[in-house]
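Here is a short briefing to read beside the sequence and the structure. It runs from the whole chain to single residues.

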Amino acid sequence: MQSLYLECLSGISGDMTVAALLDLGADEAILRRGLDSLHVDGYTIEISRVKKNGIEAADFHVILDGHHHPDLHEHDHHGEHHSHHDHGEEALHDHGHHHVHRNLHDILELIEKSQISSRAKELAEKIFHIVAQAESKAHGVPVEQVHFHEVGAVDSIVDIVGAAICLDNLNIQRVYCSALREGTGTIRCAHGIMPVPAPATAHIMEKYHIPVQITDNQGEMVTPTGAAIVAAITHQFGAPATMRIQRVGMGAGKRDYPNANILRAYLIDEEEDEYQDMVEVLETDLDDMTGEQMGYAMERLFALGAKDVHYTPIFMKKNRPGYQLTVLCDPSCREDCIREIFKNTSAIGLRHQTQKRTKMKRELHDVETKLGKITIKHCEFGEIHKNTVEYERAKELADAKNISLEDVYQVAESEMQA
């Protein structure tokens with residue numbers, strides 16, 4: 001499976017992402033054709049090689065008509081939010097352009113009518129939804145009332161759709177991302193001086209639980225578009241346990257910091273192991289719920305796809321008896337399980353971590369017996385083999401034949417040994 005690891009030691013922005021993906025081998029011709037099919041005017045693209053702290057990297061530069069700033073390319077603060085800020089990646093230019101506003105519906109319509117692949121369309125639309133929702137919360141207006149200025153929207157469209165085209169072109173199936181590094185200080189906006197990170201960026205970090213490390217660098221290192229891309233594509237934060245690096249791509253930022261302002265992207269092959277996978281472990285302690293309430297919470301968690309749910313008796317502070325709830329789930333459904341725990345238990349906090357799991361390979365098959373079909377689970381780990389009877393099917397047969405569950409198990413075991 002082809003995967004991507006984003007190393008965001010200098011933050012992330014839309015143009016840095018596109019540049020890094022191009023450096024990984026995304027097809028420039030496909031990118032340009034896809035962007036041309038959007039029929040958005042008012043810009044040209046410059047793709048070049050630059051050096052940051054002596055390190056060569058790809059540079060993706062959206063040049064708005066009449067505004068070529070080789071040292072300060074700022075764009076991408078949307079939603080009535082004009083800014084000139086310190087990161088130099090994505091702020092809104094406002095230099096006498098006539099302002100035609102586009103709302104989210106207008107932009108999604110542009111994407112839908114384009115000639116890019118359906119997968120790239122879906123991803124670009126997902127990223128724009130994340131940005132619009134963050135701007136909606138930042139400005140206190142409904143999503144449908146968030147307007148993107150023509151100038152600000154142009155380079156945001158190019159960056160977001162460009163990133164989607166490149167990810168699709170590289171056939172990326174899974175994305176890992178490091179913690180994002182963010183700067184300090186403020187940005188000057190039409191509404192006044194705002195702290196870094198910008199409000200929309202902070203809302204994305206909050207909603208999608210994106211890990212962030214604050215640095216001493218002055219200025220904005222993570223832009224709304226960069227944060228939205230991370231939120232939309234990341235399957236797991238942190239580097240994979242092991243990886244085989246196929247290629248490394250470097251995407252340059254527009255500012256200079258003591259550390260090289262580069263987004264490093266790794267195209268990797270994960271060594272697939274049929275006996276191992278990753279699980280999310282969620283834990284919380286409860287001391288004020290009835291057995292019925294805990295049972296209902298367990299049912300709801302299993303219905304969401306949890307792999308296992310169990311309660312362990314514990315003694316809490318002041319020697320109060322209680323229970324530790326432990327949930328194992330796929331990392332992709334972690335947020336759903338967290339919401340379910342908060343909704344249907346008395347928990348007001350929980351612990352979670354991603355762990356590597358070693359498991360037996362499993363498959364289900366039916367065995368014909370004198371009682372009817374019985375479902376057997378066959379488990380294998382190298383030379384070790386186990387067979388177990390699936391409880392639900394055995395229960396159905398016991399009820400249907402009016403015999404004991406143990407009788408069904410004995411018949412099934414005799415058939416397995418035959």
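The model is predicted. Its chain has eleven helices and 21 strands. Of its 418 residues, 48% are buried.

**Leu170**
- Leu170 sits in the loop that runs between helix H5 (150-169) and strand S7 (174-177).
- Leu170 has a relative accessibility of 8%, so it counts as buried, the cut-off being under 20%.
- Beyond the residues up to four places away in sequence, Leu170 touches Gln2, Leu21, Leu24, Gly25 and Ala26.

**Ser37**
- Ser37 also belongs to a loop, between helix H2 (28-36) and strand S2 (43-52).
- The relative accessibility of Ser37 is 10%, and therefore this residue is buried.
- With neighbours within four places in sequence set aside, Ser37 is in contact with Ser114, Gln115 and Ile116.
- A polar atom of the Ser37 side chain lies 2.9 Å from the backbone nitrogen of Gln115.

**Helices H10 and H11**
- H10 spans residues 391-401 and H11 spans residues 405-417.
- The two helices pack at an angle of about 115°, and their axes are 9 Å apart.
- The crossing of H10 and H11 is right-handed.
- H10 contributes Tyr391, Ala394, Lys395, Leu397 and Ala398 to the contact.
- H11 contributes Leu405, Val408 and Tyr409.
- By class, the contact of H10 with H11 holds seven nonpolar residues, one charged residue and no polar ones.
- Lys395 of H10 is in this contact, and lysine counts as charged.

**Cysteines**
- A disulfide is a covalent bond between the sulfur atoms of two cysteines.
- The structure has zero disulfides.
- Cys166 has 1% relative accessibility, so it counts as buried.
- Cys379 is buried too, because its relative accessible area is 11%, and the cut-off is under 20%.

**Contacts along the chain**
- Which share of the contacts with a separation of 6 or more joins residues 24 or more positions apart?
- That share is 68%.

Methods
Residues numbered from 1 in each chain as written. Predicted model: local features only at pLDDT ≥ 70, side-chain atom pairs only at ≥ 80, totals over all residues. Heavy atoms only, no water. Axes fitted to C-alpha atoms, helices over the stretch in contact; angles between N-to-C directions. Helix = DSSP H or I, 4+ residues; strand = E, 2+ residues; numbered from the N terminus. Left-handed = near helix turned anticlockwise from the far one by under 90°. Contact = heavy atoms within 4.5 Å. Disulfide = S-S within 2.5 Å. Buried < 20%, exposed > 50% of the residue type's maximum accessible area, 1.4 Å probe, protein only. Polar contact = N/O pair within 3.5 Å; in protein donor to acceptor, adjacent residues only side chain to side chain.
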